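Hello,

Here is the structure for you to look over. My notes follow below it.

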Amino acid sequence: MRRRTEGQDSSGESRRSESRDADRVQPIQAEDQRFTYWSIIKNIGTCLLFIIAVPPFLNYASLQREGQLLLPKEGQILDVGLGQKMHLLCKGQGKPVVILDAPTGASSDIWYHVQESVAPLTKVCTYDRMGLGFSKRVMQNESSGTEKVWGMSTTGRMVDDLHRLLRAAEIDGPYVLVGSELGTLNARFYSHIHDTFVSDLVLIDPIPEDVFEEDQWKEYWYGKLLPSLQARQFSAATGLSRMLIILGVMEPAITGDGVAEDVVQRQKYFLSNPAHQSSAVDEHYFLNESAAQVRDITKFKPLSTRTSVSVITGESFDSQIPEHLNQMVAKLQKKFLGESYPSANHVGIGGVDRRMIYQRPSVISQHLRSVVRQRQSRQQSE
C-alpha cells in the first residue's frame with residue numbers, strides 16, 4: 001500500500017510538473033506568434049513606405065539636376081515681367097520671323113523637325129507657354145496685370161505672355177504666326193489684337209470655336225481625355241512615370257531617326273515633371289474658355305485685310321478617337337472656316353491627323369517655306 005501511494009504521488013507530481021511546463025510554453029508560443037505577426041506587418045509597412053516615398057524623392061532630385069542640363073544651348077530664359085520667366089528658342093536669321101505655337105499641353109520641342117527645316121530660310125522661334133517646358137509658372141499672388149483679366153491658362157493670358165516675350169527678346173515683325181490646336185486659338189487671338197505685327201497666319205488643325213457646344217465632344221474631352229491626363233500628372237508626381245520610362249513602358253512622342261538625343265531626353269524629362277503635366281491638364285481644362293475668348297475678340301476686332309491666312313488639316317482630326325467625333329469636328333471646321341476665313345488657302349493632307357507636325361513634319365515645312373518665300377518676295381518688291 002505504501003509503495004502504491006508513493007507511486008501515485010510521484011505520478012501526480014509528474015503530471016502537475018508537466019502541466020506547469022505547458023502553461024509556461026503557451027504564453028511563450030503566443031508571444032512568438034505575436035512577434036512574427038508584428039515583424040510581417042513591420043516589413044510590409046517598410047516596403048510600402050519605400051515604394052511610396054523613395055520614387056517621388058528620387059524623381060524630384062533627378063528633375064532638379066536635369067532641368068539645368070537639358071536646357072537647349074541656343075535657348076533663352078527671359079524675364080517678361082509680372083514675375084515670370086519664359087523659354088524662347090530661335091534659329092536662323094531674316095524676315096519674316098516665323099513664330100511656332102504648340103498644340104494643347106505640348107512643349108516647344110514638338111516643332112523640332114519643322115524649325116530645323118525652315119530655319120535656313122529665315123528666323124524661326126519656338127517658345128514654352130507658362131508652366132510648360134522650361135517656362136516656370138508663377139503663383140497667382142505673385143503678379144498683377146492683364147493676366148488676371150484673362151485667367152491663368154487661357155488664350156488671352158497666353159497671347160499677353162507671348163507679346164511680352166517677343167518685346168523682351170527684341171524680336172520685331174512682321175511675324176508669320178503658326179499654331180496647332182490650342183496654338184491656332186493663340187495665333188488667331190494675337191493676329192486680331194496685334195494685327196500690325198502679323199503678316200501671315202497659318203492654322204494647323206484649328207479648333208472650331210463651337211465644338212464644346214456638342215455634348216458628345218464634351219463627354220469625350222472631359223470624361224475621357226482629361227481624366228487620362230490627370231492620371232499622367234499623378235504618375236509624374238509619384239515618380240511612377242520615371243520608372244515606366246526606365247522600363248520602356250512609356251515613351252516620348254518625338255523619337256526616331258533624325259531626332260537629337262537631347263530632344264528625346266527632354267521629352268522624358270517633361271513626362272516625369274509634375275509641373276509640366278499640371279499645366280498640360282489646365283490647358284485642356286480651360287480650352288472651352290479659350291475658344292470663347294477667341295470668338296469674342298474676333299467679333300470685337302476683325303482681322304486685318306493685310307494678313308494672309310492659310311489652313312492645313314489632315315484626313316482626320318485624331319485617328320485615335322471614334323470616327324463620328326472626327327466627322328463632327330470636320331463639319332464644324334468647314335463651317336468655321338467658311339464664316340471666319342472664307343478666302344483662306346486651305347491645304348488638305350491625306351493620311352495624317354493632328355500629330356502631323358512631328359509624324360509628317362515635311363508637309364508643314366514645305367508649306368511654311370512657300371509662305372516665307374512669298375512674303376520675302378513681296379518685301380523685296382516693296
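**Strand E5 and its neighbours**

Strands E5 and E6 (residues 198–206) run parallel and pair over seven bridges. Two strands count as paired if DSSP finds at least two bridges between them. Leu177 sits opposite Leu201 in E6. From E5 the chain passes through helix H5 (residues 182–193) to E6, a right-handed β-α-β crossover. Right-handed means that, with the strands pointing away from the viewer, the path from the first strand over the helix to the second runs clockwise.

E5 also pairs with strand E3 (residues 97–101), in parallel, over five bridges. There, Leu100 has Val178 of E5 as its bridge partner. E5 itself (residues 175–181) is mostly covered, with seven of its seven residues buried. Buried means under 20% relative accessible area, exposed over 50%, partly exposed in between (1.4 Å probe, protein chains only).

**The disulfide**

The model has one disulfide (a pair of cysteine sulfur atoms within 2.5 Å). It links Cys90 and Cys125, S to S 2.1 Å. Cys90 is in strand E2 (residues 84–91) and Cys125 in strand E4 (residues 124–127), so the pair ties together parts 35 residues apart in sequence. The link is right-handed, with 110° about the S-S bond. Both Cys90 and Cys125 are buried.

**Basis**

This is a predicted model: local features need pLDDT of at least 70, side-chain atom pairs count only at pLDDT 80 or more, and totals for chains, interfaces and linings use all residues. Residues are numbered from 1 along each chain as its sequence is written, and side-chain values use heavy atoms, leaving out hydrogens and water.

Best regards

Definitions and conventions: Helix = DSSP H or I, 4+ residues; strand = E, 2+ residues; numbered from the N terminus.
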